[in-house]
Amino acid sequence: MNNPLLVGDATRAPARVALVTCRDLPELEEDDRLLLAPLAERRVTAEPVIWDDTEADWAAYDLIVLRSPWDYFYRYDEFLTWIGRLPAGRVLNPADVVRWNTDKRYLRELADAGVPVVPTQWIGADDTFTPPAGEYVVKPAVSAGSKDTGRYGPADADLALAHVQRLQQAGRLVMVQPYLPAVDTYGETALLHFASPVDGRLAYSHAIRKGPMLAGPDTGTESLYVPEAITPRVPTEAEFELARQVLAAAPVNLLYARVDVIPGPDGSPVLVELELTEPSVFLAYADGAAERFADAIVARLRRD
Ligand SMILES: Nc1ncnc2c1ncn2[C@@H]1O[C@H](COP(=O)(O)OP(=O)(O)O)[C@@H](O)[C@H]1O
Ligand SMILES: [Mg+2]
């Protein structure tokens with residue numbers, strides 16, 4: 001767009017923001033719709049746009065914010081090509097961050113940087129799988145929404161091997177992790193952060209507790225959708241500290257970040273996932289969260 005952008009100036013056209021979603025959620029997920037009113041109040045017109053809609057006119061938007069393109073991992077190459085072609089500098093989180101963050105190998109880099117990460121064994125195409133002792137999780141390095149993710153015990157070695165081989169045959173890198181049993185009781189904590197309008201750096205907004213997601217082995221068939229059990233949560237000081245450590249080691253120039261942690265064997269939190277691509281942000285669970293996200297978007301529009 002050639003027009004100078006003046007958000008909040010009643011004499012100018014409102015800024016246009018695309019909220020990127022997928023075909024299954026053409027009107028966004030319900031929680032993301034909570035962004036629309038605060039954005040409108042800030043003179044920003046936000047529209048859901050389906051990422052693989054060939055009719056979409058991406059150049060028409062001042063900012064493109066990824067929200068729920070949740071089918072991307074089925075067509076991962078196509079998704080990365082798509083995001084790489086968007087108008088440079090107008091997509092958030094940025095395309096290079098998305099490329100890095102959609103492949104959980106980033107966890108290795110964070111572990112190398114000293115972040116406590118859930119211990120992970122990586123199984124490539126030619127590697128053999130030896131079932132670990134105790135309970136464990138098998139999941140692909142590129143996935144979302146607990147898809148193709150299974151939980152196994154000592155009696156399930158055959159099912160686990162079949163799962164690993166299914167992923168290998170599909171050309172997917174496999175991750176094997178100890179099952180963190182605290183997720184069944186204490187749950188998982190997700191700490192949400194949005195860019196501060198003051199300095200553009202990520203600031204903590206709110207947190208939620210998520211109940212356990214894995215019922216048992218993954219059999220490769222279409223599994224029932226596991227509803228997420230979400231409640232508000234106040235993080236512990238150790239969880240705040242871990243989130244700070246993770247974000248200090250993460251890329252810069254972010255609009256949003258979700259840090260997902262579960263207590264490890266000694267009770268202190270470990271990182272399970274750093275979500276910089278398409279996190280649910282649970283705006284309904286904290287007063288002011290939707291306004292903080294909207295303020296972060298407006299600040300970005302003003303800056304660019
Ligand atoms: N090592 C683990 N121990 C216990 N639960 C796990 C473990 N890894 C994953 N899970 C469960 O599976 C869910 C999805 O796994 P996650 O690594 O967050 O991938 P994604 O959300 O990208 O599908 C988590 O929210 C958690 O409930
Ligand atoms: Mg997750």
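Let's start at serine 143, which touches Tyr72, Phe73, Lys104 and Arg172, leaving aside residues up to four places away in sequence. Keep in mind as you look around that this is a predicted model. Serine 143 sits in the loop between β6 and β7 (150–152). Is serine 143 buried or exposed? At 6% relative accessibility it counts as buried, because the cut-off for that label is under 20%. The side chain of serine 143 also reaches the backbone oxygen of lysine 147, at 3.0 Å.

**Around the ligand**

Stay with that stretch of chain for a moment and bring ligand 1 into view. There are 18 residues around ligand 1, and Lys104, Lys139, Ser146, Leu180 and Glu188 come nearest. Three strands each supply at least two residues of the shell around the ligand: β6 (136–140), β8 (174–178) and β13 (269–275).

| Residue | Atom on the protein side | Distance to an oxygen atom of ligand 1 |
|---|---|---|
| Glycine 145 | backbone N or O | 3.2 Å |
| Serine 146 | backbone N or O | 2.7 Å |
| Glutamate 188 | polar side-chain atom | 2.6 Å |

How much of ligand 1 does the protein bury? Taken alone, the ligand exposes 540 Å², and the protein buries 96% of that.

With a relative accessibility of 17%, glutamate 273 counts as buried. Leaving aside neighbours within four places in sequence, glutamate 273 is in contact with Lys104, Tyr106, Arg258, Val259 and Asp260.

Now hop over to valine 261, in strand β12 (residues 256–263). Valine 261 is buried, with a relative accessible area of 0%.

In soluble globular proteins, nonpolar side chains tend to be buried together. In this model, the largest nonpolar core has 53 residues, and Trp58, Val65, Trp82, Phe293 and Ile297 touch the most other members. Which elements give two or more residues to this core? They are β1 (15–21), β2 (44–50), β3 (63–68), α3 (76–85), β4 (91–92), α4 (95–101), β9 (188–195) and α8 (289–303). Helix α8 provides the largest share, eight residues. Where does the core lie? Domain 1 (1–102 + 283–304) and domain 2 (106–116 + 182–282) both give residues to this core, so it lies between them.

For a closer look, pick isoleucine 297, which touches Val17, Leu35, Leu39, Leu63, Val65 and Leu255, not counting residues up to four places away in sequence. Apart from this core lies another one of 35 residues, among them Val137, Tyr179, Leu214 and Val259.

**The domains**

The domain assignment also gives a domain 3, made of residues 121–178. How far apart are the centres of domain 2 and domain 3? Taken over C-alpha atoms, 21 Å separate them. The contact between these two domains takes 13 residues from domain 2 and 16 residues from domain 3.

Most residues other than glycine have a negative phi, and most peptide bonds are trans. Here are some exceptions to look for in the model. The peptide bond from leucine 92 to asparagine 93 is cis, with omega near -5°, and asparagine 93 lies in the loop between β4 and α4.

Aspartate 148 is not a glycine, yet it has a positive phi of about 55°. You'll find aspartate 148 in the loop between β6 and β7, where it counts as buried at 18% relative accessibility.

Asparagine 253 has a positive phi too, near 70°. The loop between α7 (237–248) and β12 holds asparagine 253, which counts as partly exposed at 38% relative accessibility.

Note on methods
Residues numbered from 1 in each chain as written. Chains lettered and ligands numbered in written order. Predicted model: local features only at pLDDT ≥ 70, side-chain atom pairs only at ≥ 80, totals over all residues. Heavy atoms only, no water. Core = buried A, V, L, I, M, F, W, Y, C linked by side-chain atoms within 4.5 Å. Buried < 20%, exposed > 50% of the residue type's maximum accessible area, 1.4 Å probe, protein only. Helix = DSSP H or I, 4+ residues; strand = E, 2+ residues; numbered from the N terminus. Domains from an automatic or database assignment. Contact = heavy atoms within 4.5 Å. Near = heavy atom within 4 Å. Polar contact = N/O pair within 3.5 Å; in protein donor to acceptor, adjacent residues only side chain to side chain. Areas by Shrake-Rupley, 256 points an atom, 1.4 Å probe, with all protein chains shown as cover.
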